[in-house]
Amino acid sequence: MNLHEFQAKELLKKYQVPVQDGIVCTTPEEVTAAYQQTSTKTNSKFVVIKAQIHAGGRGKGTFKEIPEQHGVQVVKSAEQATTVGQNMIGNTLVTLQTGDQGKLVSKLFVAEDAYYEGPNPTKEFYLSILLDRQKKQYVFMYSTEGGMNIEDVAHDTPEKIFKEWIVPGTPLLPFQARKIAFNLGLEGEAFKNCVKFVTQLYQAFTGLDCDMLEINPLFKTSDDKIIAVDCKMNLEDNALIRHKDLAELRDKSEEDPTEVEASESNLNYVKLDGNVGCMVNGAGLAMATMDMIKLSGGEPANFLDVGGGANATTVEAGFRIILKDPNVKAILINIFGGIVRCDRVAQGVVDAYKAIGEIKVPVIVRLQGTNAEAAKELIEQSGLQVQSAILLSEAAELVNKAVA
């Protein structure tokens, strides 16, 4: 589950991780008030206004309606803050991560000035924690070259990217925290603050059951404080049962509406760009089914796992979700009858078909396992325009004909 920057920062503060603080706003009037409150608090006329969407690259991103307006803007007056709020709220921001369609901005984060003058130079770094699946360990990835061009750094000068691994279930050791601060070139008070920062950040990462936690930029202020100026946080969905309060932070408006509907029906659904809708029980079988669709000349339109307890209700929900995709030219239902009997699924297909009404694309049902023969007979005698198969090769041939 992705979080907005302002949500992630509030969670980090609970773990005593220093952040660039601010106020979340939903109207231009709130932006104006937030500017006045923030500039008074920091005794600085400079304030940063950031669009809140689930995508990176906001600083370089532009709005469809106002191409000269970027997703992160520095303002230095209440009037300018009002104008920026009017330009951002309700408009669509396009970044490298959103694609051409962009994302609608409904919230802004009015943040404090972190680049104030002081005795020492400021510096931007990059820092993230994620799971290294090959090593089966957590990894700190960090660099002295933080900011908007971190992708270029990783591509052009990978030697500037450092890594530090931690075995899951163990703390970040003191020597590891010091190593990170040393490799970032810090010394004195900044070194001590960085050691404390990364230690607390790792505690937040494990305590919140994060999949990914990225701080870019990690910022050294002119008085040697270390703070998170930006934060991207992704929580592990399967761990939300331990964090009921965090589940409430989900912003469904940032997600694909069809995927939201699927999750509400307890279906695992991911939309793809193909022409064959597929409905399968089990993630492994779903992946194999998508391969089979590809080999038969089609392209998978989705990943849809209805789970081991497929019934008429889940099958009907799956049908309705798949049919919302106008690119679908055929639907393949591939069910292995283990926990659930094939004849029960077949009856679910028949019931769902009748409940939905006319389905204008070919429907191919492949049932294998417990009571597969009875299931095929049930479908063939239903009078519906449903093609049945038992072998995977039969289903592949029918898919080939349907999309030819």
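Strands here are DSSP runs of E, at least two residues long, numbered from the N terminus. Everything below comes from a predicted model.

**View 1. Arg-58 sits in the loop between β2 (47–51) and β3 (62–63).** With a relative accessible area of 7%, Arg-58 falls under the 20% cut-off, so this charged side chain counts as buried. What does the Arg-58 side chain reach at 2.7 Å? That's the backbone oxygen of Ala-51. The Arg-58 side chain also has a polar contact of 3.0 Å with the side chain of Asp-230. Look past the neighbours within four places in sequence, and Arg-58 still touches quite a list, including Glu-5, Lys-50, Gln-52, His-70, Leu-93 and Thr-95.

**View 2. Strands β3, β5 and β6 line up, in that order, as an open antiparallel sheet.** The edges belong to β3 and β6 (103–104), each with a single partner strand, so one side of each has no neighbour in the sheet. Two bridges hold the antiparallel pairing of β5 (residues 92–94) with β6.

View 3. Which element gives the largest share of the lining? It's α8, with four residues. Both α8 (257–264) and β14 (268–271) supply at least two lining residues each.

Technical notes. Residues are numbered from 1 along each chain as its sequence is written. This is a predicted model: local features need pLDDT of at least 70, side-chain atom pairs count only at pLDDT 80 or more; totals for chains, interfaces and linings use all residues. Side-chain values use heavy atoms; hydrogens and water are left out. Buried means under 20% relative accessible area, exposed over 50%, partly exposed in between (1.4 Å probe, protein chains only). A polar contact is a pair of N or O atoms within 3.5 Å; within protein, one must be able to donate a hydrogen and the other to accept it, and residues adjacent in sequence count only if both atoms are side-chain atoms. Contact means heavy atoms within 4.5 Å. Two strands pair if DSSP finds at least two bridges between them.
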